[in-house]
Amino acid sequence: NGNNDNGGSVDSGKDPNTMTKIRRKRMKGNDGRRRRQQRERIITVAIPTACCLFICFIFGLIPRWGGNDIGNGNSRAGMRLGQQKLEALQKMGKNNEKVPETLDRSKEELKAAGVKRRNSAPGRDGLLPMRKALEDPSFDPVATELARNILSASTNLVNIDYGSHSSIGDDSYKGVIAEFCPLDFSAQKEKPPELPMFRDVVGHSGCDKKGKHTIRVDLQEAVDLAREFDADNVGNLPTVLDLKGVVFHESRCGSTLAANSMMALNPEKHRVYSESGPPESAMKVCGEGYSKCSVEAAASLMKDVIYMMSRSNDPKEERLFFKFQSITSRTMGTFRMAFPTTPWIFLYRDPVEVMMSQLDVPRLSKANCVKSKNSSPMVRAFIDKTDYNFDDFLDEEFCAVHLATLCESAYRNIEDADGLGLAVGYSPNLVHDFLDTIFPKHFHTLVDKAGKDRVLKISGTYSKNRGRHEEGDFKPDSEEKVRNASEEIKDAAKFFLEPSYKKLEESEHNIDTSSGDDEE
């Protein structure tokens with residue numbers, strides 16, 4: 001049923017005797033290092049807090065003792081006026097050129113046009129009422145046009161948020177806010193390494209400035225209207241693209257090369273979302289262990305999100321691919337329940353190599369694999385199964401545990417998926433794994449000579465290039481990473497991450513041991 005992330009044993013991979021010897025040997029030096037890390041954490045919190053308070057004081061957001069502004073309403077009135085201007089912009093989804101027209105209209109005119117005051121509809125603040133805009137002939141024509149843009153798929157889902165009165169149920173949800181903005185995929189299609197992530201496409205399209213070109217609507221209402229429209233519009237634009245395959249990953253293991261390759265294989269016919277926000281939000285909505293809601297509830301939301309992102313007004317596009325964020329590997333059950341027949345892969349890498357990439361930051365405490373240590377139930381559960389206290393762990397060990405939880409979850413889902421999920425280890429030949437096995441035999445996508453040539457060309461460029469290197473300038477660094485690894489990284493990788501790595505390597509559903517099916 002796909003609900004395979006909640007529970008399950010966690011293999012810490014520790015040998016108690018060996019670990020005790022190593023820890024005793026390093027204990028003295030680690031105590032000093034741990035104190036330094038604690039001081040860094042205190043400084044990291046204290047300085048920004050003090051700066052924030054000082055700035056708030058300067059701008060009058062914090063009352064000055066003995067001042068005359070308290071109670072006179074002047075500053076509050078100014079803040080309300082600014083808030084009303086912002087609300088007028090958001091509620092109609094207009095750009096900056098339309099703001100004066102909206103603000104000059106009377107309250108009665110705004111009400112007739114369907115613009116609601118912030119306190120008139122709890123949970124629907126600033127939302128364009130799509131159905132009313134489409135069905136009421138007296139409704140504001142600009143708002144009606146914005147609603148039609150969503151139906152025609154000329155504007156795209158870029159974000160989802162949860163209102164103050166939102167709720168997620170097994171069969172329905174309420175209060176989920178969808179943000180749409182017209183995206184330009186042309187630059188990504190032309191040179192995938194220059195716009196390797198969804199945020200790059202969003203920025204290139206001018207959609208990264210919140211509110212400038214964004215339309216906010218109720219997601220459930222938008223989905224219902226889109227499905228009704230598509231059912232009555234079969235054979236015409238927009239079309240619903242065929243979801244061919246998705247990529248989960250451990251991070252820093254070739255996943256961006258996978259996304260770029262999926263695009264380069266056939267730019268005209270393929271649309272690729274690389275770490276887009278809406279699917280991640282849907283997969284995480286119920287929590288890692290589904291403590292906030294059920295996997296069925298998350299899957300219901302996930303299906304609607306992917307449906308809206310699969311609608312295309314480009315007559316040449318046919319196929320859809322996703323690369324999800326690494327953190328979604330902990331909640332694969334959501335995707336598997338929502339799309340039980342869609343093939344997927346999990347990319348992973350040698351423990352030391354991936355840890356070296358993760359910890360290549362000025363402060364270890366700021367590394368992505370360390371930051372989640374206090375918020376992840378899976379990290380806490382993993383550590384609870386060891387003989388050590390949470391506070392005794394070094395940042396390198398937290399990183400290894402974080403990555404191990406991703407790999408453990410992936411392994412359990414791969415074993416349960418009976419061939420629909422495939423474990424793919426990073427190697428110098430990774431691009432050939434994509435071309436020879438994953439695309440043609442697992443994702444059932446045609447690989448022709450022209451497509452193969454395009455993929456091989458972009459594989460010689462840094463996957464996240466963004467103009468920093470010349471084409472063909474990529475150089476593998478695996479040996480250098482292992483050579484430069486500290487003893488702390490090597491120990492943490494060996495005792496906490498290597499066990500799950502070995503499970504993936506030895507799985508019968510690993511690409512090296514699985515023969516795959518013939519192309520259909």
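Tutor: Two strands pair if DSSP finds at least two bridges between them. Helices (H or I, at least four residues) and strands (E, at least two) are DSSP runs, numbered from the N terminus. This is a predicted model, in which local features need pLDDT of at least 70 and side-chain atom pairs count only at pLDDT 80 or more, while totals for chains, interfaces and linings use all residues. Residues are numbered from 1 along each chain as its sequence is written, and side-chain values use heavy atoms, with hydrogens and water left out.

Student: Which residue in E3 stands opposite alanine 178?

Tutor: E2 covers residues 173-181, and E2 pairs with E3 in the antiparallel sense over four bridges. In E3, the residue opposite alanine 178 is valine 217.

Student: In what order do the three strands of this open sheet stand?

Tutor: The pairing in this open sheet is antiparallel. E1 (156-168) and E3 are edge strands with a single partner strand each, so one side of each has no neighbour in the sheet. On average, neighbouring strands here are turned by 25° against each other, direction ignored; the axes are lines fitted to C-alpha atoms (for helices over the stretch in contact), and angles run from 0 to 180 degrees between N-to-C directions. The order is E1-E2-E3.

Student: How many disulfides does the structure hold?

Tutor: A disulfide is a pair of cysteine sulfur atoms within 2.5 Å. Cysteine 181 and cysteine 207 form one, with sulfur atoms 2.0 Å apart; another joins cysteine 286 to cysteine 293 at 1.7 Å; and cysteine 369 is joined to cysteine 399 at 2.2 Å. Counting bonded cysteines along the chain, the pattern is 1-2, 3-4, 5-6. The number of disulfides is three.

Student: Are cysteine 286 and cysteine 293 buried or exposed?

Tutor: Buried means under 20% relative accessible area, exposed over 50%, and partly exposed in between (1.4 Å probe, protein chains only). Cysteine 286 has a relative accessible area of 0%, and cysteine 293 has 12%. Each therefore falls under the 20% limit and counts as buried.

Student: Which helices hold cysteine 369 and cysteine 399?

Tutor: The torsion about the S-S bond of this pair is about -95°, so the disulfide is left-handed. Cysteine 369 is buried at 1% relative accessible area, and cysteine 399 is buried at 0%. The pair ties together parts 30 residues apart in sequence, because cysteine 369 lies in residues 368-371 and cysteine 399 in residues 395-417, which are helices H15 and H17.

Student: After which helix does asparagine 510 lie?

Tutor: Asparagine 510 is buried, with a relative accessible area of 0%. Contact means heavy atoms within 4.5 Å, and, not counting residues up to four places away in sequence, asparagine 510 touches Tyr348, Leu422, Ala423, Leu504 and Glu505. The segment that holds asparagine 510 comes after residues 487-506, which form helix H21.

Student: How many residues are in the largest nonpolar core?

Tutor: A nonpolar core is a set of buried Ala, Val, Leu, Ile, Met, Phe, Trp, Tyr and Cys residues joined through side-chain atoms within 4.5 Å. Leu219, Met308, Phe346 and Met355 touch the most other members of the largest one. Leaving aside neighbours within four places in sequence, the contacts of leucine 219 include Ile160, Val176, Ala178 and Met308. Another core, of 25 residues, lies apart from the largest, whose residues number 99.

Student: What share of the protein's residues is buried?

Tutor: The secondary structure comes to 21 helices and 10 strands. Of the 520 residues in the protein, the buried share is 51%.
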